[in-house]
Amino acid sequence: MQRVQPRRAQAAPARRVRWGRWALPTLGLGLLVLAWPLASAALGPDVFPGLGDTLRFLAREAERGTLWTNVGITLWRVIAAFALALLLGAPLGWALGTHPRFAALASPWLAVGLTVPRILILLAAYLVVGLNERALVAAITLILLPTVAVQVREGVRSLDPRLADMARAFRVSPGRTLRHVTLPQLWPSLLGAARVTLSLSWKMVVFGEVFGRTSGVGYMIAFYFQQFEMRGILAYGLVMTLVLSAIDYGLAALGERVFAWRRAA
């Protein structure tokens, strides 16, 4: 009996942590879903259709094949711009964090990239390159690039120099130092940059589709806006939100798995 009581005492806080980990997000999701019928009741179904009416409209769009075709096109554009921004922004952020002279030279460019109105880059790309896929993906990549570079730069600046000194003192090769010393410290910044970039990417792609494309979720939202069809606007917005939320949840779960060693330490 003397051995069982301490185990029970340790198990109780663990159960409370697990309960809080799943119950509170579930409660928050329930409140979010509840907000939809409340908004519909407050504004009226003609102004803000109910969830059931929107889902029936969504099912009709799916039967016609319009829904998944346009969602797939938008998703491809989002992933293309997201991947390009990460591939270009991560090395740029590393250079900014490790070479002070380069960082000083690039600081005006970075400031302009972070502050220039995003619609300006988008419309300029359409005028210079044309109303095509390349213009949209290039413009979104340019918009995302400074955000990725700044996130990675801050991660590089927060690296612990004592760990790198220790690796050099023990004559650890540069490759092993990168794998076992540098990257474990950088992963939080890289993952944070990926989540922020993904969130910004899909919003900007949908925005760009409204202005310059004849396909995609943004185009369909603009089409139903012209038809005064609120169900269409909500339906396409809902699908993209769910798809991107699932990807973001996957990135968050990856972070939990990668950084599990920190909680155990």
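Student: Hi! Where does Trp94 sit?
Tutor: Trp94 is part of helix α3. Helices here are DSSP runs of H or I with at least four residues, strands are E runs of at least two, and both are numbered from the N terminus. Before we go on: this is a predicted model, where local features need pLDDT of at least 70 and side-chain atom pairs count only at pLDDT 80 or more, while totals for chains, interfaces and linings use all residues. Residues are numbered from 1 along each chain as its sequence is written, and side-chain values use heavy atoms, with hydrogens and water left out.

Student: What about α3 itself, how many residues does it have?
Tutor: It has 33 residues, 66–98, and reaches 48 Å from first to last C-alpha, close to the expected 48 Å. That expected span is 1.5 Å times one less than the number of residues. Still, α3 bends by about 25° at Gly89, with Pro91 following within four residues. The bend is the angle between axes fitted to the seven residues ending at a position and the seven starting there.

Student: Now α8: what does it span between its end C-alpha atoms?
Tutor: α8 spans only 47 Å, whereas a straight helix of 39 residues would span 57 Å. There is a kink of about 50° at Leu183, shortly before Pro184.

Student: Which residues does Ser189 touch, beyond neighbours within four places?
Tutor: Ser189, which belongs to α8, is in contact with Gln151 and Gly155. Ser189 counts as buried because its relative accessibility is 16%.

Student: Zooming out, how many helices and strands are there?
Tutor: The protein has 11 helices and zero strands. Of its 265 residues, 35% are buried. Among contacts between residues at least 6 apart in sequence, 75% join residues at least 24 apart. The protein exposes about 16,600 Å², and carbon and sulfur atoms supply 68% of that area. Accessible areas come from the Shrake-Rupley method with a 1.4 Å probe, and for residues only the protein chains shown count as cover.

Student: Which residues form the nonpolar patch on the surface?
Tutor: Ile119, Leu120, Leu123, Phe207, Val210 and Phe211, with about 490 Å² of accessible area together. Patch members have over 30% relative accessible area and no salt bridge; nonpolar side chains (Val, Leu, Ile, Met, Phe, Trp, Tyr) are joined within 5 Å, and like charges within 9 Å. Helices α5 (118–129) and α8 each supply at least two of the patch residues. Leu120, in α5, counts as partly exposed because its relative accessibility is 49%.

Student: On to charges. How many salt bridges does the structure hold?
Tutor: It holds 12. A salt bridge is a side-chain nitrogen of Lys or Arg within 4 Å of a carboxyl oxygen of Asp or Glu. One of them pairs Arg195 with Asp248, the closest N and O atoms being 2.9 Å apart. Arg195 lies in α8 and Asp248 in α10, so the pair ties together parts that are 53 residues apart in sequence.

Student: Which residues join into one salt-bridge network?
Tutor: Asp53, Arg56, Glu229 and Arg231, through salt bridges that share partners. Asp53 and Arg56 have their closest N and O atoms 4.0 Å apart, and both lie in α2 (residues 51–64), three residues apart, about one turn of the helix.

Student: Last one: what is the phi of Arg171?
Tutor: Near 55°, a positive value in a residue other than glycine. Arg171 sits in the loop between α7 (161–169) and α8 (174–212), and it counts as exposed because its relative accessible area is 77%. Phe228 has a positive phi of about 55° although it is not a glycine; Phe228 lies in the loop between α9 (217–226) and α10 (230–258).

Terms used. Buried < 20%, exposed > 50% of the residue type's maximum accessible area, 1.4 Å probe, protein only. Contact = heavy atoms within 4.5 Å.
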